[in-house]
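Here are my notes from a look through this one, as promised. Please read them next to the model and tell me what you think.

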Amino acid sequence: MFNPRTSVFGGRGERLLQADRRPTLTGHIVGLTVTVVGVGIAFSGVVELIDGGPDVVTLLLIGIVMGSIGALLWRSTMTPKQIRVLDVFTAVTVTWLIIAVAGAIPYVLTGHFERWDDGLFESISGFTTTGATVTPDIESTSKGLLFWRSTTQWMGGMGVIVLVVAVLPTVGSGGMSLMQAEAPGPTGERLTPRVRETARRLWAVYIGFTGVLAAAYFVAGMSVYDAVSHSFTTVSTGGFSPYQASMGHFDSVAIQWISIVGMFLAGGSFTLYYRALRRDPKPLLRSTEFRVYGAVVLAATLWAFLTSGTSGGQPGGFRDALFTTVSTMTTTGYVSTTYGLWSQTAQSVLLIALPIGAMAGSTAGGVKILRVMAVASFAHREALRHLHPRLVRPVRVGNGILSDDVAGKVVGFLLLTLVVFGGGSFFIAATGPDLITSFSASATALGNVGPGLGDIDHTGDFLAIPRAGRGVAMMQMLLGRLEIYPVILALSVVTLRLPRLGRARRSRPRHEHI
């Protein structure tokens, strides 16, 4: 029997969804996202085939099977006509949990890890662009699997949900909410009236930036494989490298400077970059947040350079200080020098920079410069009110004014961040590491940075943290990437629904069979 469609084509050639599909936002988003993940794994299998590695069949099969399952789920579901805010938060959180599990499958089935929790840690670290690793010998890993490792960061950098919104034929009024729930930072500006076009243009800038970086790395001396892999993890501020020594492997001044510029730009707002590329650079040049971002990076670099006690004040020492500061500030996590041998004073600057992050609208993790500015303005106003109780003074961020409601949300977010950071530090310390390592591990996981201080500095990795501590770090990585609120609200939905389901089942009348 013929099954009629609600419509075949929309106004711009968009294929609309069939009427008999099940309306579920979470299922629809998960289906398309898993499809994208499957394509990424299959492409990594192609890279492995070109290299002649041992994991070709495994990666290709995983990619094909996963892509097929995701496509089947996507084609059998549709976005509901009415989307609630809680549904958005649930969809985003569940999607990230599922892609984390899906991303771990190649690590386990290829035999790279024997335990699922190790594969899950590497996958979560990849998609959240944290860059922490539990791989003991990176360079013995097949190139296809390492390419998948870099691809997870590239997907997670701009956001898999943003990609889904750009691809979905219809997302309705919930598209912007989906982007805001996943976006790293307090952003919500549309580049066009249509949310789908906004997502497409952001991804266009992201892809273009990736291509330019890959070309620059290649010209500077990297192979095609290394250039593409490092462009993926630079533009996403992820920091995964196919080499144990990270960027220090190349021992190249040119590559180091390209990486510095790439990381710094990736820590800026892609929305402002799009406007600048459209011949309107004024918003970028006039952005107070961008100027503060640059000033903080410069100040932290000078402090680290003058107090590090390395290189006798030579220019190479300044370059290493700048590289490490930008890598930390943008939460990239690349390593080019033995910063673990710097003075405690210089390392303290890095510990402070770990949770701050870069600009809102960037691919970086952390609290974000914009929120720090807002909290500073809020604190200044409250201090003045102690002297002048009737003072009427708005909370300002640059030339903008924040309402009290928005300022309250920012302060609440910062308090939640401190609670998660403190609680994570306590639980990680309870598993055995020293305090410096524990505090650093908590900060670097929540800030999505990767390397830290103590036992997880430039010479170590998260293998120095016991498995229970790594479990805490995995939760912090997800909380840091999704910025806490979506995860908490999604958990509240689950905890509220479980008792209701229980009551509904108990109250359901029993029917006797005749």
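1. Start with Ser-246, which sits in the loop between helix 9 and helix 10. In this predicted model, Ser-246 has a positive phi of about 55° although it is not a glycine. Most residues other than glycine have a negative phi. Is Ser-246 buried or exposed? Its relative accessibility is 7%, under the 20% cut-off, so Ser-246 counts as buried.

2. Now go to Thr-237, in the loop that runs between helix 9 (224–235) and helix 10 (253–266). Thr-237 isn't a glycine either, yet its phi is positive, at about 50°. With 0% relative accessibility, Thr-237 counts as buried.

3. Next, the cavities. Helix 14 gives the most, with 3 residues.

4. What is the lining of the second largest cavity like, by residue class? There are 8 nonpolar and 5 polar residues, and no charged ones.

5. Last, the surface. Phe-43, Val-46 and Ile-50 make up a nonpolar patch there, and together they have about 310 Å² of accessible area. Phe-43 belongs to helix 1 (residues 25–51). Because its relative accessibility is 48%, Phe-43 counts as partly exposed.

Key. Residues are numbered from 1 along each chain as its sequence is written. This is a predicted model: local features need pLDDT of at least 70, side-chain atom pairs count only at pLDDT 80 or more; totals for chains, interfaces and linings use all residues. Side-chain values use heavy atoms; hydrogens and water are left out. Patches are made of residues with over 30% relative accessible area and no salt bridge: like charges are joined within 9 Å, nonpolar side chains (Val, Leu, Ile, Met, Phe, Trp, Tyr) within 5 Å. Accessible areas come from the Shrake-Rupley method with a 1.4 Å probe; for residues, only the protein chains shown count as cover. A salt bridge is a side-chain nitrogen of Lys or Arg within 4 Å of a carboxyl oxygen of Asp or Glu. Helices (H or I, at least four residues) and strands (E, at least two) are DSSP runs, numbered from the N terminus. Buried means under 20% relative accessible area, exposed over 50%, partly exposed in between (1.4 Å probe, protein chains only). Ala, Val, Leu, Ile, Met, Phe, Trp, Tyr, Cys and Pro count as nonpolar, Asp, Glu, Lys and Arg as charged, and the others, Gly among them, as polar.
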